[in-house]
Amino acid sequence: MLAPVNVSIESLNLMTLVPMLIPIIGALLIIIIDLFKSEQDKSLYVMLSLLILGVDFVALVDSAGVFANNGTIMGVFDVMLIDGLAILSQFIIVGASMLFIPLALTHKRFHEFSYPEFFALFLFMIAGFQFMVSTDNLILVFVGLETASLALYTLIAMHNRDKSFEAAIKYFTMGALAAGFFSFGSMVFYALTGSVEINKIAAVLAANNYEDIGFVLIAVVFLLASFGFKLSMVPFHTWTPDVYEGSAAPLAGYMSIVPKIAAFIVAMRLFEFLIHSGVVWLEVILYIGVVMTMTMANVWALVQTDVKRMLAYSSISHAGFVMAAILIGTTQSNSALFLYWILFSFTNLGSFSMLWISRQKNLPAHQQSDHSYDKFSGMVKTAPVAATIMGLFMLSLAGIPPFALFWGKIYMISSAITGGYTVLALIMALNSAIAGYYYLKLIVYMFMKDPLTENNGHVYSSNATLPLRTIIGIAAIGTIFAFIVVNQLLEFVTLFVYNSGY
Amino acid sequence: MLDHILSILVFFPALAGILGFVVNKNSIRSYGVAVATIEFGLAIWLWFAFDSNVSGMQFMEQIALVPAFGINYIVGVDGVSLFIVILAAFFTMIGIASLGEMKDIKNLIITLLFLQMTMVGVFVALDAIVFYLFWELSLVPMLYIIGAWGGPLRIYASVKFFLYTFAGSLVMLVGMLFMAYFYYQATGEWSFALLDWYRLILPESFQNWLFVAFFFGFAIKVPMFPFHTWLPYAHGQAPTIGSVILAAILLKMGTYAFIRFSLPLFPDASVYFMYPIAVLAIIMIIYTAMVAYAQKDIKQVVAYSSVSHMGVIILGTFALNVEGITGSIFLMIAHGVVSGALFFLVGVIYDRRHTKIMSEFGGLASVMPRYATIFGIMLMASVGLPLTINFIGEFLSLLGFYKQSHILTLLAGTAIIVGAIYMLSAYKKMFFGEVTHEENRNLPDVNKKELLALIPLTIITIWLGVYPKVLLEPINKSVEGIVTLMHEKSITQEAKLRIPNVNKDMGLITKPEREAH
């Protein structure tokens, strides 16, 4: 006869669950609405999702306030861990989602947005990512990761093109493999330490002085491979360009930001204690991975003929750049990661949205793919404003000051220098120079070449509506005027990262 | 208003550029000229308000930008930067005023106004990151000018220009971040302010490494041998206005940065690298002069001669004494005026004949006498004839370096003779002899609009050649400050010897001035 379990509701600290429950309840609400009255217009669901995310954002502001006053909060049998990293990453997740969801209000009719399930799945996915970042329990990480990933595979497939199915299947297969690796790695850790919580694993490993280093190696290799897939680190990146190409442009932009920040957080929690504990070979592996990811992705991006694939490779390269923060592992580098990713989400979502508003349903004869470079040649003559904004995003991605990403870039390189990784800092700088070429290539096409065929510029904004323009406007303003907010952002981020002990 | 005059000088053109989008394209030319004239007036006002007895920074402004990381918007001007700022304003003004008929002229003028913001910004910024910001940003308008209005190979040339400079300056950025980190280690605070950095004394090995990092950024911009290969392409393909601004102002960013950053921050490294850099500079002078002689295209001749003279500027800078540095700054102005004017002149003939190949011309002196006269004066100035502006700068630079090494200075001196050969032979091919091509017989002489640009340049060339004191005095004052700082900061015995103690041997500078008269 088991003794009755006595747990007081207060000790569960259920308030820690609120930010995740909001999108879940919202998703259920959307499904219920559909049950009662189906065939509603997509604008209803878009606005509902936006409102729900807004409420979620406010809840996050609330828990940020609690964190600022009381420090890290544990809850629900110490499974939930609301620290600075969790709050910052949830801000990015929810913020980027709020920028993403109005992009569904396109001028042309796209299949997926007519389903309420799209929006319900979208909100479930956000909840999944939120769970993933606000715990250090490997099982909950796994649950969050799988919830989010399964929802995401479906979202990709709902675009309903041959390439989208291909992309979804590819992503699903790779994701399943990564999930397998993840659970295997966690299992080894559990076998070694008797715990699935990262801080306990760290404590036990430190206590026995890493005597089972061989097994730690196996576990870390599996986990690294798993996160390699999720973060599209070279050589686990091969799915990325195909998946991005197959998905709708905004979803591709979204995938380059939100799933990655979630994976970064888990990687940060997991790998930084290992690096700090002096597991040298992990540092070496990560070093090689970071340099390879940055450099190889840049080189591949150089030879692309399609802008979307170029942007896919470029976001791999950016992820590699940011992965360096985890390798360096100082407070400055971790703050740089957040700063970089916040600024990156504006610019990158902006550039993918620019592709989205020029989405064609049928390809003209002279075009190989929907977003080939040729399509953009001479754009400044026919659509000067759109060309200028696109050029702006490209300059920002290339890291030209004073646009958004420049500030993230210098802070990241500076953190490499401060952390003693001088060569890495140089490699990062030189990679920015390589990257300059392919961003420049698009600018060259837009500003210096003549249009291939007669068009009146309508093609570049054929899909545009007021909500889409607003989002692009927000992204552009965020990109240009970043220098005004960088200081506040930096202080805020540093405070939160420092108070979480990273 | 004088308290904020530098910020106004920097941001007025950009603001005007943004408003320019509204202006109708038939009136944009007048708008551009008006804006550039106001800017030039402000720059002249700055000169009048400038106190030439002060060697330090004047009109300083400071606004916190990212205080958590030590980045502040700090601007200020001293004798080193004052005249380059005025030159930038001047060239933008006459550049826009003399623009010929071109496609998309509205975009071009707005781009030029943005370019002006970045140019002025580079020369007044006193915070490394703000400096870097304008430095990088200046690439974008120039990329567009070369890439959109250039010749057949324009895209290749513009991308090459951009990537070369971009790669170099990223290495420099790493150097800057390192410097800030050293400052952080020394004081516990982040700072990118140049005047703060000046107070930092670094160990020699660090100085050498950082010097190299900064060197990449600056040397590519100058461009020093062997990084000069982008320049002939950029000049060859750029439209006239692009070449003019590039030669007159953008290249000066590199040499200016050597004086502003490399010398005072790393005095020992400057001494350590003095000979290697001097050798590079001399190779650059002689080699490019020889290449210039082999060119068939008059614009390439001017482009290579421009590189060759940049070598003299570098040599003067790395003389590391007051004469040399003053001379090199003066030569920057002189080179700006003269090579800017030469590119204008090439543009004049290109507009008429749409070719730049010298063999297509011949006997132009009889067809276009006024053009031939102005070209002749500028050519003499470029060669370094006494009583022209270039002579003062070259003379002082070489005099300065003569104190460091006799042989190298002699070598550099011979290069000036080579310069005379290729310039005079180019002049002979184009202007003397019979008119061989029928098309050339009825070419119209320079028109009013072109004279608007060329006459002021000619006047400046001769005026400052005869009476350089107005410039030399403020420049000299600030340079003395820099050399004093370098002497005090230097730690090695070698550097103490090479960098003179200004307070001890004051008054040397008056001698070359007398000779110049």
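How many residues does the contact take from chain B and from chain A? It takes 27 residues from chain B and 27 residues from chain A. Keep in mind that this is a predicted model.

Look at the side of chain B that touches chain A. Helix α7(B) supplies the largest share, 14 residues. What kinds of residues make up this side of chain B? They divide into 24 nonpolar, one polar and two charged.

Now turn to chain A as a whole. Chain A has 21 helices and two strands. Its C-alpha atoms fill a box of roughly 80 × 60 × 40 Å, taken along the principal axes. Is chain A extended or compact by its radius of gyration? A compact globule of 502 residues would have a radius of gyration near 23 Å, and chain A has 22 Å, which agrees. Buried residues make up 58% of the 502 residues in chain A. Take the contacts in chain A with a separation of 6 or more: residues 24 or more positions apart account for 81% of them.

Next, zoom in on pairs of helices. Two packed helices are described by the angle between their axes and the distance between the axes.

Start in chain A. Helix α18 (residues 404-418) and helix α19 (residues 422-448) of chain A pack at about 155 degrees, with their axes 7 Å apart. An angle over 145 degrees counts as roughly antiparallel, so α18(A) is roughly antiparallel to α19(A). Find A:Lys409, A:Ile413, A:Ala416 and A:Ile417 in α18(A). They meet residues of α19(A), including A:Leu424, A:Met428 and A:Ser432. By class, this contact of α18(A) with α19(A) has seven nonpolar, two polar and one charged residues.

Then move to chain B. Helix α15 (residues 322-353) and helix α18 (residues 389-402) of chain B pack at an angle of about 150 degrees, and their axes lie 7 Å apart. That makes α15(B) roughly antiparallel to α18(B). The crossing of α15(B) and α18(B) is left-handed. On the α15(B) side, the contact residues include B:Gly324, B:Phe330, B:Leu331 and B:Val338. Among those of α18(B) are B:Ile392, B:Gly393, B:Leu396 and B:Phe401. The residues of the contact of α15(B) with α18(B) divide into twelve nonpolar, eight polar and two charged.

Note on methods. Residues are numbered from 1 along each chain as its sequence is written. Chains are lettered from A and ligands numbered from 1 in the order in which they are written. This is a predicted model: local features need pLDDT of at least 70, side-chain atom pairs count only at pLDDT 80 or more; totals for chains, interfaces and linings use all residues. Axes are lines fitted to C-alpha atoms, for helices over the stretch in contact, and angles run from 0 to 180 degrees between N-to-C directions. Helices (H or I, at least four residues) and strands (E, at least two) are DSSP runs, numbered from the N terminus. Angles under 35 degrees count as roughly parallel, over 145 as roughly antiparallel, 65 to 115 as roughly perpendicular and the rest as oblique. A crossing is left-handed if the near helix is turned anticlockwise from the far one by less than a right angle, and right-handed if clockwise. Two residues are in contact if their C-beta atoms, placed from the backbone, lie within 7 Å. Ala, Val, Leu, Ile, Met, Phe, Trp, Tyr, Cys and Pro count as nonpolar, Asp, Glu, Lys and Arg as charged, and the others, Gly among them, as polar. The radius of gyration is taken over C-alpha atoms; the globule rule is 2.2 Å times the number of residues to the power 0.38. A residue is buried if 20 or more other C-beta atoms lie within 10 Å of its own, exposed if 12 or fewer, and partly exposed in between; C-beta atoms are placed from the backbone.
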